[in-house]
Amino acid sequence: MEEDSQKGKNMEEGGSGGEVRYRGVRKRPWGKYAAEIRDSRKQGVRVWLGTFNSAEEAARAYDKAAFEMRGSLAVLNFPNEYPSVNTHGNASASSSGGKQVFEFEYYDDQLLEDMLGYEEENKKKGRK
């Protein structure tokens with residue numbers, strides 16, 4: 001089983017020596033690592049993030065860009081470094097499967113008119 005430090009990383013299948021791979025990171029033939037991300041707002045065009053000396057640096061650049069683009073919906077290499085991101089399988093996830101649930105209250109028209117009328121009366125009293 002992988003250690004906690006390996007969380008968020010993918011093992012390369014059939015690669016050289018089980019090298020660790022990160023989302024958005026490619027290894028260049030000369031040993032450096034390139035990072036890029038696709039921008040869904042621009043029909044998936046590639047956004048160049050740079051070339052880095054280590055895969056971890058490149059992966060963190062990808063995470064930063066992904067979080068800026070997609071917020072808490074971003075799929076990250078290091079999700080524990082972004083506290084507002086809920087990871088899958090989190091013990092604190094609700095019974096809704098970790099999905100965000102919105103609840104709406106419905107008030108009938110009479111109740112809303114009464115509430116608005118009450119606020120208007122308070123405003124008039126405060127101004128006098």
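**Group meeting: sheet, helix and ring pairs**

Okay, so let's start with the sheet: three strands make an open one, ordered 3-4-5, and the pairing is antiparallel. Pairing here needs at least two DSSP bridges between two strands. Strand 3 and strand 5 are the edges, each with a single partner strand, so one side of each has no neighbour in the sheet. From one strand to the next, the twist averages 25°; axes are lines fitted to C-alpha atoms, for helices over the stretch in contact, with angles between N-to-C directions running from 0 to 180 degrees.

Quick housekeeping. This is a predicted model, where local features need pLDDT of at least 70 and side-chain atom pairs count only at pLDDT 80 or more, while totals for chains, interfaces and linings use all residues. Residues are numbered from 1 along each chain as its sequence is written, and side-chain values use heavy atoms, with hydrogens and water left out.

Now, the overall layout. The protein has two helices and five strands, and from the N terminus the order is β-β-β-β-β-α-α. Those are DSSP runs numbered from the N terminus: helices are H or I with at least four residues, strands are E with at least two. Back in the sheet, strand 4 and strand 5 pair antiparallel over seven bridges, and Ala35 sits opposite Gly50 in strand 5.

What packs on that sheet? Helix 1 does, touching strand 3, strand 4 and strand 5, and its direction makes about 15° with that of strand 4. Touching means contact, so heavy atoms within 4.5 Å. The buried residues of helix 1 are Ala55, Ala58, Ala59, Ala61, Tyr62, Asp63, Ala65 and Ala66, and their cover includes strand 3, strand 4 and strand 5. For the cut-offs, buried is under 20% relative accessible area, exposed is over 50%, and partly exposed is in between, with a 1.4 Å probe and protein chains only. Across the protein, buried residues make up 20% of the 128 residues.

Helix 1 also passes a length check. Its 16 residues should span 22 Å at 1.5 Å a residue, and the end C-alpha atoms are 22 Å apart, which agrees; the expected span is 1.5 Å times one less than the number of residues. After the helix comes Gly71, with a positive phi near 65°.

On to the aromatics. How many aromatic pairs does a search of the whole structure find? Two. Rings of Phe, Tyr and Trp (its six-membered ring) pair if their centres lie within 6.5 Å; planes under 30 degrees apart are stacked, over 60 edge-to-face, and the rest tilted.

Tyr22 and Phe78 have ring centres 5.5 Å apart and planes at 40°, so that pair is tilted. It links distant parts of the chain, 56 residues apart: Tyr22 is in the loop between strand 2 and strand 3, Phe78 in the loop between helix 1 and helix 2. Tyr22 is buried at 5% relative accessibility, and Phe78 is buried at 10%.

Then there's Phe67 with Tyr82: centres 4.7 Å apart, planes at 35°, so tilted. Phe67 belongs to helix 1 and Tyr82 to the loop between helix 1 and helix 2, 15 residues apart. Phe67 is partly exposed at 24%, whereas Tyr82 is buried at 18%.

One more thing on Phe78: Arg60 lies over its face, 4.2 Å from the ring centre. That label needs NZ of Lys or CZ of Arg within 6 Å of the ring centre and within 35 degrees of the ring normal.
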